[in-house]
Structure formats: structure tokens, C-alpha cells
Amino acid sequence: MKPSIFNLTNDLVKNEIVRLKTIKRVQMQYLDDNTKTIEEALVTEGVVTEEQIYKILADKMHLPLIDLSTYIISDGLIELLPETMVKEYKAMPIELNGNFLTVAMTNPLDYKAVYAINNYTKKKVRTAVCTPTQLEEKIRELYEANDQSSVYDEAQEFVQSQMAKTEDTLSTEDQEDVDNQPIIKFVNNMIADAVNQRASDIHIEPQETKMIIRFRIDGKLVKYMETGKELAPSVTSRIKFISGMNIAEKRIPQDGRLHYTVQNQKIDMRVSSLPSVYGEKIVIRITTAIGLKLDKASIGFLPENLEKFDQLLTSNRGIILLSGATGSGKSTTLYAALQGLNNESVNIVTVENPVEMVIPGITQVDINDKAGLTFASVLRSILRQDPDVIMIGEIRDQETADIAARAAITGHLVLSTIHTYNAASSVVRLIDMGVEPYMVSSSMLGVIAQKLVRRLCPDCKIPYTASEDELRVIGLPLTEKVTLYKPGTCQNCNNLGYKGRIAVHEVMPVTSAIKNAIHAGKTTDEIDTIARGEGMLSLRDNLKKLLLDGIISFETYVDTVSEVYQEDGE
């Protein structure tokens, strides 16, 4: 582990932000990682936030903690320091008052940087503290807004010069010696922009006369760039090369994996190529998001639902299922649960297809169907590895479901996902797969149904009084005065009005009444009615609370309710 320059661990313990036991556990996990200090490791693990770390640092040094996102840096201030100096010293000028220049820094202890800034500007330098993430965002806002267009122009010129030599794209030998070529910069910038914009997927789509690049942000596809069609083969070849695919094979679909570093954080990506009429379409799934905290509390659970989920996780045997559509955040919730269970006294083994996020201290197995490494075969082997907790990426067939149920009954806590629209239907789906009802009722602990919805941008959302029609849809008295919020526009959300997503849940513990209903062969609707009667909050209830709290818009509420309950048949 890299030596800490701040030594704030004692202050974190003293301020009751983190326990000493937790710090020691994280230190052991990152013992061989020479890229992170203990403070950075604690932030990566979601134990503390950057703001908590830098607030303590600011208080300790009697300096203000600056929220850079609220500062508008004038052109005059920008010109005081060159971009290279801002990036090298991680220092942003924020205020000039006479001969005094205030600079926000991530490391106010860097007196060499302070002296260099003083010497360059001929101003007396006052320091303030800012977080690395906010500094990076401000640097991108000020300096890198137009970078991609110039990189695109360079890439275009490069490809045209290559086309003069050959009609084909870069060969493998060429790829190994092109670190400074414009194509590399173009792909690097594209991936960095996608990560920084919190995109979950990058779509690179060749068309007849152009190539379109789109990012999926908060569940919606947004156009990032439109380029000439001649750029497509080189960009495709570069991505296939760095993700371990065969760049010469263009006739069949391929899968690859890509590890990238953005803002000193390792980002894991899955890459898929698909032959189409005008070339290969590439989709890059970004499986590790910057700033993602593996913490159940940050996912969006209502307090009462989080309490039920935590209660389920205290059991040492049984199955807990996460249900929902593809892309609903089930895996993230499972990883957050595993992170909470992960300690030296517990043996956790996962079987996934593929492993989406690597967690230190957990044994994770990647499925390989071609090599005969299937869910079922791995599960049988896992049971001989003395596991306490087993995580199965997805229950998709009877054999996997049977083994999971038997593992749960014989004293293992099993976590998995299943593709169903609500909690009650997950139970019936297992029976439909061929698992005996008595096995389901004996092994099931609970089901959490989850869906992701877009969150209103907190900086620009606009309050208004709900109309009678809206009150009628929500199910409130028409005479009630209710404040709702609609999307606005601001820089912080790229003028979309929405920023990030939040999960909505149904948490259904499998109680004695539900076990009896399963054993008696009751329908999904009957099991759902029993669960609601015992206090389960439905997805609709969860959405209604988020709407009234001003977290989601009425439009999001209506769209999600109609989507969920159309599937439900209501």
C-alpha cells in the first residue's frame, strides 16, 4: 500500500466515521496494492466518502473545503495558470482579490506546488481544499470540452493517409506500435468521456455513409458523436485488439474484455462485436462505474425495505433472490450485499457469467461453457470448497435451481438473480422450471424485486403544484395541495434534467403463510396478495414515495408504473 501523506485514519476513528477494525481489514485487502493510500482504499471500498476525508483534512489544516461544482471560473482566472500546471499540481485558481490568489488543491501540503504557483503568477497564494473528483470534473469542463473534436480531426487525417497505403484496417503488427497514433487517442478519449458521463454502455454503429457513437446514460441512449464512415474500421480494429479479440475475423460475433484506468480508478469493460451490413457493430458494457459505492444504503432502498433486506442477510442458510429485467442493477445490489458479508470468518464463493466486478477476499469463478465450465458443474465443485455464502450469477434452468435449493437446505446462504417482473412471480418461476414446491418453500428466505428509474437532477428540478389529473393518477384526494417536481436544465446534468438513477424495490420475506401458499400451489397473484397483507411495499408504493419526496418526476412515475403493471397483467 502506498504511504499516506495525510495520515487521517486516527481522525476518522476519533470522529466515529469508521471503526479501527474496518481500517485494518481494508489495509489487509490492499496490502499488495501500491497505487492507493489507505484513505483512497477506504473510499474505493465505500467505507467513507471523498467529502468526509477532505472535510477532515480541511478542518485539520484550518482551511475551507471548496465545492468546485458551484464555482464559475472566469476566463481571467483560467489564464493565470496554464493547463499543464493545473493538472500537474492538482490546483485550480478560484478567486483573485487584489494581489491574493486563492487556489483550491487536493493536497494543500504540497508546498512545492504553492511555491511554483506563487513564482509563476507573482501573486500571494492562499490555499483551499477540494476533492479530486470535483477537480477532475472542473478540469474537463474548462480544458477538455473541445479536445475530442480536434482528436477526431487528427484521427480522420490519419485514416485517410492509411487508406492511401491500404484498403484494410490496421494489422496486428501495426496495432502493437501505435501508442501515439490519433486512432488510439480517439478511442481513449471516447472511453474516458463515456466513463466520466456515467454511461453504462458505448454503442459504435457503422452506417452506409457515417458512423454513429451513442452512450447509454441513465438508461437512455444519447448521441455522442457522428463521424465519417472511413473511421469505423480502424476504431473497430483498435477496440477488438485491446479487448483480446481476433481483429482479422469479421464474419462472426466475438466477445472480449477490457481494463481501463480513468481518474486513477480501474474500470472493467465487456466488449461485444456483431457483424452487420455496413461493418461490425461494437457495444462496450462499462461494468465498473466511477464513484460507485458498494453499499446497500446508497442503492436506493427505503429504510423499511433496507431493514428487511439486512434481516434476510443475517441468516446462514436459504436462498435470497434478486429479480428484475436486464440492466435493473441486480448484480450491483448482490455485490453490495456480498461486500457487507465479506470478512475473514466467512468463505464466499461466486459463480458468474461473466464476473462483472472483482471483490478482494472473495473467490469468483468465471463460467466457460465451451470448456464445460457450466453453472451446474461449478456449483457441484463449490459445494466441496466449504463455502458459507454462494452467489450464483443467474438461475436459468432446473439443474442450477435444484442445486441451489439443495445447497440452501444443507446450510449455505445462496444469493442469485432471476428474470421476473415482481417478487411473487419469482417463486412461481422456480416451480415452473421444475423445482418441487416443497423444495422451494423449504429453501427460500426472500425475494427482492428491483427496477431502476431516472432521478431528477437536484440542482435544476422545478417545483410545481400537482393538478387534479395528477392527483387522481397518484391516488390522492383531489383537494390536497401536493408539490411535485419536473426536470429543468443545467450544466451538472448536461441539460437533461435527470442525473443518475435510483432503484425501487419490493422486498418479500418468505414467511410461514407464503411457504404454505407455495406448497399449496397458489398463483402469483395470490402469493402477492398475501405478501402485501403482511406489509410488503409494492413497487408502486416505492415509486409513489419517491415521487412525493421530489426524487423522480411524475412522467417517470407514470411510465414505470404502466411498464411494471402491464407486465403484471393489471
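Here are some friendly notes on this predicted model, point by point.

1. Before looking at details, a word on confidence. The protein chain has an average pLDDT of 85, and 90% of the residues score at least 70. The stretch to be careful with is residues 166-180, where pLDDT stays under 50. The model does have 22 contacts for this stretch beyond four places in sequence. Still, where pLDDT is low, the predicted coordinates should not be read in detail.

2. **The three-stranded sheet.** This open sheet has its strands in the order E1-E2-E3, and the pairing is mixed. Strand E1 (91-97) and strand E3 (124-129) are at the edges; each has a single partner strand, so one side of each is left without a neighbour in the sheet. From one strand to the next, the twist averages 30°.

3. **Both kinds of pairing in that sheet.** Strands of a sheet pair through backbone hydrogen bonds, either parallel or antiparallel. E1 and E2 run antiparallel and are joined by six bridges, with Leu96 having Leu101 in E2 as its bridge partner. The two strands form a hairpin with two residues between them, and Gly98 in the turn has a positive phi of about 65°.

4. Which residues of helix H2 (residues 20-29) are buried? They are Thr22, Ile23 and Val26. These three cover an arc of only 100° around the axis, which puts them on the same side of H2. An α-helix has 3.6 residues a turn, so residues three or four places apart point the same way. The buried residues pack against helix H1 (9-14) and helix H3 (38-44), while the face turned away from them carries the exposed Lys21, Lys24 and Met28.

5. **Helix H13, a similar reading.** In helix H13 (residues 303-313), the buried residues are Asn305, Leu306, Phe309, Leu312 and Leu313. Their arc around the axis is only 120°, which puts them on the same side of H13. Exposed residues Pro303, Glu307 and Gln311 sit on the face turned away from that buried side. What covers the buried residues includes strands E10 (318-323), E14, E15 (444-456) and E18 (498-509), together with helices H14 (330-341) and H22 (539-548).

6. **The seven-stranded sheet.** Several of those strands belong to an open sheet with the order E12-E11-E13-E14-E10-E15-E18 and mixed pairing. Strand E12 (363-366) and E18 stand at its edges, each with a single partner strand, so one side of each has no neighbour in the sheet. Direction ignored, neighbouring strands are turned by 20° against each other on average. Within the sheet, E10 and E14 run parallel and are joined by six bridges; Gly318 stands opposite Leu413 in E14. Helix H17 packs on the sheet, touching E10, E14, E15 and E18, and its direction makes about 130° with that of E15.

7. **Thr417, in a strand of that sheet.** Thr417 is found in strand E14 (residues 413-418). Is Thr417 buried or exposed? At 4% relative accessibility, Thr417 counts as buried. Its side chain reaches the backbone oxygen of Gly393 at 2.6 Å. Beyond its neighbours within four places in sequence, Thr417 has contacts that include Leu322, Lys330, Leu334 and Ile392.

8. Ser426 is part of helix H17 (residues 423-433) and is buried, with a relative accessible area of 0%. A polar atom of the Ser426 side chain lies 3.3 Å from the backbone oxygen of Asn422. Not counting residues up to four places away in sequence, Ser426 touches Leu321, Ser323, Ile418, Thr420 and Val447.

9. **Arg380 and helix H15.** Helix H15 lies across strand E11 (348-352), E12 and strand E13 (389-392), and runs at about 170° to E11. Arg380 lies in H15 (residues 375-382) and is partly exposed, with a relative accessible area of 39%. Leaving aside neighbours within four places in sequence, Arg380 is in contact with Glu399 and Ile403.

Key
Residues numbered from 1 in each chain as written. Predicted model: local features only at pLDDT ≥ 70, side-chain atom pairs only at ≥ 80, totals over all residues. Heavy atoms only, no water. Pairing = 2+ DSSP bridges. Helix = DSSP H or I, 4+ residues; strand = E, 2+ residues; numbered from the N terminus. Axes fitted to C-alpha atoms, helices over the stretch in contact; angles between N-to-C directions. Buried < 20%, exposed > 50% of the residue type's maximum accessible area, 1.4 Å probe, protein only. Polar contact = N/O pair within 3.5 Å; in protein donor to acceptor, adjacent residues only side chain to side chain. Contact = heavy atoms within 4.5 Å. Arc of directions from axis to C-beta. pLDDT = per-residue confidence, 0-100.
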